[in-house]
Every structure is written in C-alpha cells, then in structure tokens.
Amino acid sequence: YLANIREFLYVPLTTPLSIGTTYYLQFKINLVDNSNYAVNRMGMQFCSSFNSAFPINNTAHLYSPVVISDKVNWTTVTGSFVPSVAYNAVMVGNFFDDANTTAQFVGSSTSIGYNAYYFVDDVVVTTTPLVLPIEWLHASAEVNGRLATLDWEINADELDHFVIENSEDGYTFAEGQHVRAIDGKLAYRQVDTMHSHLPTTFYRIRAIGHNGEAYLSPIIEAHRYAAGIDFLLAYPSPVRQGDPLTVEYNSSTGEAVELSFFALDGKLVHKELIAAGDPGHHELKLSVSRLAAGAYLLKAGGLTQKVMVTD
C-alpha cells in the first residue's frame with residue numbers, strides 16, 4: 001500500500017556545517033495518537049538543497065534502530081557525526097525503503113490509514129557536547145531455566161520508573177514489568193519470566209523520567225539453551241561446503257535446541273533452531289553452504305564440538 005511513500009520535515013540551517021567538525025545531534029519523537037503503525041529508523045539526514053522527491057537512500061546521519069511506538073512519552077534520539085560536506089539544511093523522517101524498515105501494528109484507529117505519523121520536537125544540531133540525562137552504563141541478562149535475571153546501571157538517580165520490554169525477534173517489543181525507580185539508586189536487578197519458548201529472548205529497558213521522557217537501553221540478549229543436552233557429535237570433519245553435516249545430540253527434556261556456529265575468535269556466525277520434540281537421541285543433517293571455509297565451534301546447550309569446513 002503506497003510502497004516507499006515518505007514525508008519529511010525540512011529546515012535550512014542558520015549556517016552551513018563545517019567540514020571535519022564534530023556535531024552533536026538530538027531530536028525527540030512521539031507517535032501520533034491515531035497512527036495504526038509504528039516504524040524504526042526515524043532519523044535526521046543533512047542535505048544541501050530541498051528536493052520534493054528526496055531519494056530514499058537507506059542511510060541517515062542519525063536514526064533510531066528500534067521501533068518507536070510510544071504515544072504517551074517522548075523518546076529522545078541522540079548521536080554525533082563529522083561531515084565531509086558543508087551541508088546547509090537538515091531533514092527529519094525515515095530515509096529507508098520498506099524492505100529496510102520494520103513496521104509494527106499498534107493501532108486501534110483507521111482515521112489516517114496504513115501510515116505511521118510522528119510528532120517531532122527539540123531538534124538540536126550543535127558543536128557543544130550534549131549533556132544527556134540518561135547514559136546506560138551496563139545492561140545484561142543471566143538465564144536460569146525460564147527465568148532471566150536482568151541487571152542494569154544508569155547515570156541518573158532521579159527517575160520515575162522503568163519498563164521491561166521483551167521480544168522474540170529483536171525488532172517488535174511488548175511491554176512487560178514496571179519497576180519503580182528509587183531516587184539515589186543507579187543499579188537495578190529484576191527477575192523476569194521469559195515469555196518466549198525460543199532459545200533467545202531479547203530485552204530492552206525503557207527508563208521514564210519524571211517529565212515523561214523515555215530513554216531506551218541497548219538491546220539485551222537472554223540465551224535460554226535447552227536443558228539436558230548430555231551428548232553432542234558432529235561429523236564428518238572436515239566437511240565440504242556442498243555436503244551435509246550430521247549432528248547427533250541427546251536431550252533428556254525434548255526442549256527446543258539452538259545449534260550455534262562460532263568462529264574461533266568467539267563471533268557468532270550462524271545458528272539453527274531445532275524445534276522441541278521427544279526426549280532422547282536425535283540425528284539431523286545440516287547444510288554448511290553458508291559457512292566460509294575454516295574452523296568453527298558448534299555449541300548446543302553447554303557442549304561444544306569443533307568442525308572444519310572446506311570448499
């Protein structure tokens with residue numbers, strides 16, 4: 001429906017940007033009350049002239065990677081960049097095409113159709129570093145069974161509350177527990193029952209100030225590996241990219257299993273989700289065609305198997 005249709009806010013700058021100078025950027029954004037949809041990647045892009053058919057070029061000098069769906073509180077988006085062009089204007093909006101934008105249905109009204117509209121306020125372009133009211137110093141999760149213990153620390157000690165949000169895919173988040181903020185307290189811990197049966201649940205924490213402004217934490221990954229994996233075997237090794245890799249494992253519970261391939265430097269390269277089934281011994285064939293030739297560590301539960309892939 002109206003594919004890749006965008007509307008932008010445009011304003012000339014009082015003076016052109018200075019090449020090589022660090023600029024600090026900020027804007028506040030709030031989803032319009034009767035919007036049926038919310039999107040991610042709302043941002044700022046600098047330009048040199050107005051173009052009514054401004055290209056959707058899948059880039060922006062500042063944007064929010066997460067979907068902004070809050071219709072009550074302002075969400076603040078901040079960042080910095082160093083221009084290589086003396087831009088003299090700035091635009092605000094979504095500069096990514098539909099294929100590179102996540103749309104989330106949030107509406108209860110159809111008065112503005114299949115669109116996402118936003119209020120924008122407090123747009124800042126300055127060479128003075130911004131004093132941010134919120135800085136996330138730490139955010140992590142530890143998993144025990146179906147319980148995730150969330151720890152976070154911030155640099156602000158005067159907040160109203162926190163909202164714990166959860167997601168199965170890391171893009172669409174649902175509101176969960178509310179945690180009351182305590183004046184003078186910087187570090188928090190909260191136990192949450194993981195809402196997804198998938199091996200990984202994604203969390204983020206929304207800090208709400210007394211003035212209603214909201215500040216999002218980085219996304220936290222909570223890995224819930226299947227319990228009872230007491231045997232893991234992968235062969236042949238080496239395995240050719242065009243041949244299947246046989247994986248055998250034994251599960252005493254039958255829970256879903258996440259098979260993860262890691263490079264030797266610890267970087268996650270690929271993962272396969274095996275749906276829950278009967279307890280006992282399992283054998284399956286995996287394609288390794290998406291893996292480059294090299295050495296990998298295959299992990300399932302708490303067990304690891306080294307696998308060599310050749311071309």
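Gln45 counts as buried because its relative accessibility is 5%; buried means under 20% relative accessible area, exposed over 50%, partly exposed in between (1.4 Å probe, protein chains only). The model is predicted: local features need pLDDT of at least 70, side-chain atom pairs count only at pLDDT 80 or more, and totals for chains, interfaces and linings use all residues. Numbering starts from 1 along each chain as its sequence is written, and side-chain values use heavy atoms, leaving out hydrogens and water.

Gln45 sits in strand E4 (residues 42-47). Strands (E, at least two residues) are DSSP runs, numbered from the N terminus. The Gln45 side chain makes a polar contact of 3.3 Å with the side chain of Asn57. Such a contact is a pair of N or O atoms within 3.5 Å; within protein, one must be able to donate a hydrogen and the other to accept it, and residues adjacent in sequence count only if both atoms are side-chain atoms.

Asn73 lies in the loop between strand E5 (62-63) and strand E6 (75-81). Asn73 also counts as buried, because its relative accessibility is 17%. Its C-alpha is 9.7 Å from that of Lys28, 45 residues apart in sequence.

| Residue | Touches |
|---|---|
| Gln45 | Phe54, Asn57, Thr59, Ala60, His61, Val90, Met91, Phe95 |
| Asn73 | Ile29, Asn30, Ile208, Gly212, Ala214 |

An open sheet of three strands runs E18-E20-E23, with antiparallel pairing. Its edge strands are E18 (229-235) and E23 (280-287). Strand E20 (residues 244-251) pairs with E23 over eight bridges; pairing requires at least two DSSP bridges. Leu245 stands opposite Leu286 in E23.

Notes:
Helix = DSSP H or I, 4+ residues; strand = E, 2+ residues; numbered from the N terminus. Contact = heavy atoms within 4.5 Å. Lists of a residue's contacts leave out its neighbours within four places in sequence.
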